[in-house]
Amino acid sequence: MSTPAIQIEGLTKDYAVGFWRKKMRRSLDHLDLQVNEGEAFGFLGPNGAGKTTTLKLMMGLVFPTSGSARVRGRSIADVGMHREIGYMPEQPYFYDYLTARELLDYFAQFFGYDAVERRERIKIFLERVGLIASADVQLRKFSKGMLQRVGIAQAILHDPQVVFLDEPMSGLDPVGRREVRDIILDLKKHGKTIFFSTHILSDAEMLCDRVAVLVGGKLQGVGAPGEMLSMEVAGMEILFEAHPGVPLPQKVMDRATHTGDRYRIEVPEADVYAALEELKNSRARILSVAPVRPSLEDYFFKLVAKQKNSVSAAEITPGEQPR
Amino acid sequence: MKYENSPHAFRGSLLAVPVLLLALAALQRNIDASSASLQPEKPELIIRSGTMLSKLSLGYNSLLADIYWTRTVQYFGARAGKQSATFELLAPLLDVTTTLDPKLMIAYRFGAIFLSENEPAGAGRTDLAVDLVKKGIAANPDEWRLYQDLGFLYSIHLKDYQKAADAYLEGSKNPKAQIWMKVLAASIAQRGDDIETSRLIWAQVYASTQDKLVRQRAITHLEALDAAIDLKRLNESSEEYWRKFGHYPDTIQELREAGLAGDRLQDPAGYPYVMGAYGVPQLDPKSPVLLNPDEKIPAK
Amino acid sequence: MITIPGIVALNTFREAVRDRVLYNLVFFALLMMAAAVLVGGVSIGIERDVIVNLGLSAISVFGIVMAIFIGVGLVHKEIEKRTLYSLLSKPVPRWQFLMGKFAGLSLTLIVNTALMTVGLAAALFYVTQKFERGDGTVVIAIYFILLQLGLITSLALFFSCFSSPMLSTLYTLGIYIAGVFAPDIRDIGIVTDSPGVKAAAKCIYYVLPNFHNFNVISAAVHQEAIPFRLIWQNTIYAVLYITLVMLGASAIFLRRDLK
């Protein structure tokens with residue numbers, strides 16, 4: 001069996017909390033995980049579950065209380081291992097007095113590229129994340145979405161085999177999210193391993209070969225997204241704008257919520273076409289029709305409740321458990 | 001797990017800390033030696049105004065006063081004992097110190113003695129000493145010791161016996177004052193600074209301070225005065241001898257055999273007095289005692 | 001530039017250069033030079049003295065302000081702003097990062113001091129119309145100021161590893177002032193009679209960074225020669241002490257969880 005891309009064994013992190021630093025809070029509890037080469041691996045969990053802690057441990061930004069981890073066979077304690085990995089922190093922030101080009105140039109220097117190579121790579125990757133037009137603008141002027149893209153660029157410009165992304169889609173508009181998705185798929189096509197954390201279910205479903213679910217610092221389960229997260233579609237959601245002259249039917253008004261001119265209504269899947277017909281008659285402008293999924297939070301609430309009621313976490317679809 | 005980025009990797013090099021500290025201490029000694037030769041007349045005072053310093057010190061007056069007091073002592077100590085010593089900065093240093101902390105008695109006392117002593121033992125500026133002591137009295141009217149210092153200055157150095165007696169008298173009015181203040185007042189008023197009175201004054205200076213430098217100076221003067229008193233007495237004995245025998249004695253021995261020598265035949269350093277020409281008794285030339293302490297700094 | 005500390009250093013230098021506050025400081029310092037010329041013109045006979053005195057004092061003071069002002073943020077800012085997260089995910093050992101920060105600020109200080117020295121030299125030349133042998137001491141005085149700045153930088157960096165900028169400023173400034181008064185602290189041990197105080201004074205004297213060693217401004221004013229011994233002794237002292245402080249900074253920073 002070839003070396004897994006990522007191997008985590010019993011990784012645990014306790015933080016001392018409280019004013020006197022006496023109490024211990026366990027933010028990661030004996031995580032065991034294995035990710036294979038070329039996999040796109042999703043790391044799911046609600047906020048505060050320990051996802052970011054895990055990533056920081058992998059990067060050597062914090063030190064484990066116990067346990068170990070390896071990337072491509074090299075220990076996370078080995079700083080040289082960082083040559084082979086890329087990392088994008090959550091809501092990245094960079095040196096605001098530098099331009100995008102200068103930032104990438106700065107980081108590229110640490111990998112030993114000469115000036116010519118650096119220029120080349122920066123150009124390629126700025127284009128890839130769609131920032132070539134703002135290459136020489138100071139980062140302090142960048143929007144959140146633009147910073148996110150710089151974050152991805154700096155994570156991959158040295159062609160790492162394993163890429164770690166912390167909430168790569170957060171703060172992006174739909175276009176940006178699609179672009180990020182494309183980048184991730186592209187990386188996958190080139191055989192890179194991608195490990196990313198997110199709390200957006202649909203992204204995980206679309207991109208990942210496997211996902212792991214983390215709640216309260218504990219691993220709940222690992223497996224293919226479909227088998228882990230099969231949930232019933234609750235219904236369909238229609239977003240629309242009312243026509244200024246025509247009033248909406250009463251039963252629509254009863255069930256819809258709105259902000260300003262924008263309305264939202266949920267209808268069972270079977271009633272979608274009838275509802276659309278009604279809206280058409282009212283000359284409403286349809287903005288979108290999409291399935292309603294229970295949120296990941298709902299899923300996790302159920303999970304935690306299940307845990308409380310059951311004996312062990314084995315209730316949940318086990319998936320692969322590494323040795 | 002051995003981290004390159006964790007302190008475990010560094011533990012070995014932390015052993016270097018005590019080594020570094022020792023090396024630094026050794027180096028510091030060398031540096032002190034090198035810089036000493038650099039600036040022998042390092043100016044101690046950049047700001048001469050005590051009031052300005054007082055404002056600058058943001059309320060930490062007495063701490064700064066202590067620092068300046070130690071500097072004053074260092075300044076003096078570095079120069080005392082040298083043949084060509086001058087003490088131009090002594091008065092300003094003391095002025096700054098006492099402006100910062102008007103209650104620093106030891107500074108007034110020190111100034112009274114060493115500002116007035118002639119060079120090279122002191123600054124030779126009795127006028128500045130008087131100013132300093134008067135400043136002290138203004139700030140501390142209840143300190144009768146300052147009147148003692150004032151009286152000392154007027155009698156010993158300025159030879160103004162009226163003012164001296166007034167000073168001692170004024171000080172003696174304080175119920176805390178010791179009885180000899182009155183005695184001295186009367187004594188000076190009557191007799192000026194004859195040897196016995198001077199001796200009493202210096203004895204009180206010695207008794208009233210713990211400061212080593214002041215005491216040393218007082219002892220020098222006391223020895224001189226004691227020797228002078230002895231010599232005066234021996235001289236009178238010589239005169240008696242002449243009246244009795246018609247000629248002056250050649251040796252102290254002869255005086256003794258005649259029963260006229262009295263008790264003290266040795267100077268305070270332990271050297272026996274010798275007889276000079278015309279029956280005038282003198283110090284043994286080898287004696288370190290100085291009749292005039294202002295002449296030369298003794299070898300000790 | 002090829003080494004990692006070098007890369008970090010140059011970026012730190014670039015950051016300092018782009019920080020507008022620095023320009024104000026340098027401007028002020030040059031203003032002082034001009035003022036020195038004016039004041040010197042008023043005090044006949046000692047124009048040179050005033051210019052050297054004021055000029056060197058200005059270089060020293062502004063250098064110290066800069067060293068502390070930037071130094072206390074060196075590490076703290078990167079942690080606060082979380083720029084350190086992306087940086088340390090690169091193959092960058094933490095201690096090399098620290099060295100780079102130190103070198104970068106030192107470079108900034110050297111450049112600034114050089115600029116101000118040019119101003120001082122110009123002012124001096126304007127007044128005296130020629131340079132004399134005695135002016136060599138001015139150069140040495142500036143060199144010693146640079147050594148001092150290196151020491152202060154390392155101290156500020158040390159505190160920056162674990163403390164907020166405000167506290168770090170207090171600590172660094174406190175140690176600096178204590179170091180300037182070091183001989184007085186030693187003298188307290190001489191004047192007192194208590195053996196406990198004597199021992200404490202001596203101990204403190206040898207442990208504190210003795211900034212007094214580096215102050216030869218009055219020698220420069222009076223055109224005294226500096227013994228060559230003192231130059232290399234001070235150099236070694238500064239190097240050793242900076243090493244000591246950086247070891248401490250590494251010990252702290254290397255074990256720190258970056259939350």
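Mentor: We will take the chains, then the contacts, then some strands and backbone angles. This is a predicted model, in which local features need pLDDT of at least 70, side-chain atom pairs count only at pLDDT 80 or more, and totals for chains, interfaces and linings use all residues. Residues are numbered from 1 along each chain as its sequence is written, with chains lettered from A and ligands numbered from 1 in the order in which they are written.

Trainee: How many helices and strands are there in chain A?

Mentor: Chain A has 10 helices and 14 strands. Helices (H or I, at least four residues) and strands (E, at least two) are DSSP runs, numbered from the N terminus.

Trainee: And in chain B?

Mentor: In chain B there are 13 helices and 2 strands.

Trainee: What percentage of chain A counts as buried?

Mentor: Of its 323 residues, 40% count as buried. Buried is when 20 or more other C-beta atoms lie within 10 Å of a residue's own, exposed is 12 or fewer, and partly exposed is in between, with C-beta atoms placed from the backbone. For chain B, 33% of the 300 residues count as buried.

Trainee: What about contacts within chain A, how many join residues at least 24 apart?

Mentor: Among contacts in chain A between residues at least 6 apart in sequence, 72% do. In chain B, again among contacts between residues at least 6 apart in sequence, 53% join residues at least 24 apart. Two residues are in contact if their C-beta atoms, placed from the backbone, lie within 7 Å.

Trainee: On to the interfaces. How many residues of chain B are in contact with chain C?

Mentor: 29 residues of chain B are in contact with 30 residues of chain C. On the chain B side, two or more residues each come from helix 1 (11-14), helix 2 (16-38) and helix 4 (61-79) of chain B. Helix 2 of chain B gives the largest share, 15 residues.

Trainee: What classes of residue are on the side of chain B that touches chain C?

Mentor: That side divides into 16 nonpolar, 11 polar and 2 charged residues. Ala, Val, Leu, Ile, Met, Phe, Trp, Tyr, Cys and Pro count as nonpolar, Asp, Glu, Lys and Arg as charged, and the others, Gly among them, as polar.

Trainee: And the contact between chains A and C?

Mentor: This contact takes 21 residues from chain A and 18 residues from chain C. The largest share of the chain A side, 3 residues, comes from helix 2 (residues 100-109) of chain A. By class, the chain A side has 15 nonpolar, 5 polar and 1 charged residues.

Trainee: Changing topic: in what sense do strand 1 and strand 4 of chain A pair?

Mentor: Strand 1 (residues 6-17) and strand 4 (residues 66-71) of chain A pair in the antiparallel sense over 5 bridges. Strands pair if DSSP finds at least two bridges between them. One bridge joins A:Gln7 to A:Arg70 in strand 4 of chain A.

Trainee: Which residue in strand 5 of chain A is the bridge partner of A:Arg70?

Mentor: A:Ser75. Strand 4 and strand 5 (residues 74-75) of chain A pair in the antiparallel sense over 2 bridges. They form a hairpin with 2 residues between them, and A:Arg72 in the turn has a positive phi of about 50°.
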